[in-house]
Amino acid sequence: MRTISIIGSGKMSAAIAEVAARAGADIQIIRRSTSSSSGERPGVTYSSIGEELTGELVVLAVPYNAYPSILEHYRERLRGKVVIDISNPIDFTTYDELKSPADSSTAAELAKELPEGAAVVKAFNVNLGDTLTTGTNGTTTTTVLFAGDYAEAKIAVADLIEASGMRAVDVGPLSRARELEAMGFLQIVLAALGKTRNESGFTLLQ
């Protein structure tokens, strides 16, 4: 049984929960409060921040600037977990630059903060939520690009993606997360400018 904990309750949290449901995973969603007014889906366990993580995969479906707060609660409890970073550290006041260091990425910076035994995988940040919810990008199966340094962690993420009916493409080590964040940045900017739709996205054709 695949098990996944999703920290966050926004649109991307709901989209990844849909991916996990299609994959037959046991899903936990962690919100600020279990009494949150956001919609609930059947078969999902809802917990509040600070409660135990039940998933082997842990998705940080929150803005990058919320990571320090999440780590205050969960840093040591992420030991032995596959931690999926989906963030795009965009300066939303200008839509003009990435906020991560020029020679790094949010995923690489996150990996530095986690205890030994936690494996960071960058994934889902190039995908708009609608293409994850439907599993399609227009008439094409959604492609999810991911990067990481640990083979077992990447296999677990690829298995989740493929079991949900989407295509998983390993782009290499975690150092490639910088390029994935640049792609995510471009994707979001194009959508904000109205040049693409929420159902649009990048894909790889064979």
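**Figure 1. The aromatic pair in the predicted model.** The count comes to 1 aromatic pair in this predicted model. Tyr 64 and Tyr 67 form an edge-to-face pair, because their ring centres lie 5.0 Å apart and their planes stand at 70°, where an angle over 60 degrees counts as edge-to-face. A pair of aromatic rings is described by the distance of the centres and the angle of the planes.

**Figure 2. Exposure of the two tyrosines.** Tyr 64 has a relative accessible area of 28% and is partly exposed. Tyr 67 is buried, since its relative accessible area is 3% and buried means under 20%.

**Figure 3. The second largest pocket.** This pocket holds about 240 Å³ of space. Its lining consists of 13 residues, and those nearest the centre are Arg 32, Ile 49, Val 62, Ala 66 and Ile 70. Strand E2 (26–31) and helix H2 (67–74) are the elements that each give two or more residues to the lining. H2 contributes the most, with 3 residues. Sorted by class, the lining has 7 nonpolar, 4 polar and 2 charged residues.

**Figure 4. The chain around these sites.** The chain has 6 helices and 10 strands. Its C-alpha atoms fill a box of roughly 40 × 35 × 35 Å along the principal axes. Buried residues make up 49% of the chain. Of the contacts with a separation of 6 or more, 67% join residues 24 or more positions apart.

Note on methods: Residues numbered from 1 in each chain as written. Predicted model: local features only at pLDDT ≥ 70, side-chain atom pairs only at ≥ 80, totals over all residues. Heavy atoms only, no water. Phe/Tyr/Trp six-rings, centres within 6.5 Å; stacked < 30°, edge-to-face > 60°. Buried < 20%, exposed > 50% of the residue type's maximum accessible area, 1.4 Å probe, protein only. 1 Å grid on protein atoms, 1.4 Å probe; cavity = no way out; pocket = protein on both sides within 12 Å on 5 of 7 lines; lining within 4 Å. Points joined across faces, edges and corners; volume = space filled by probe spheres on them. Helix = DSSP H or I, 4+ residues; strand = E, 2+ residues; numbered from the N terminus. Nonpolar A, V, L, I, M, F, W, Y, C, P; charged D, E, K, R; others polar. Contact = heavy atoms within 4.5 Å.
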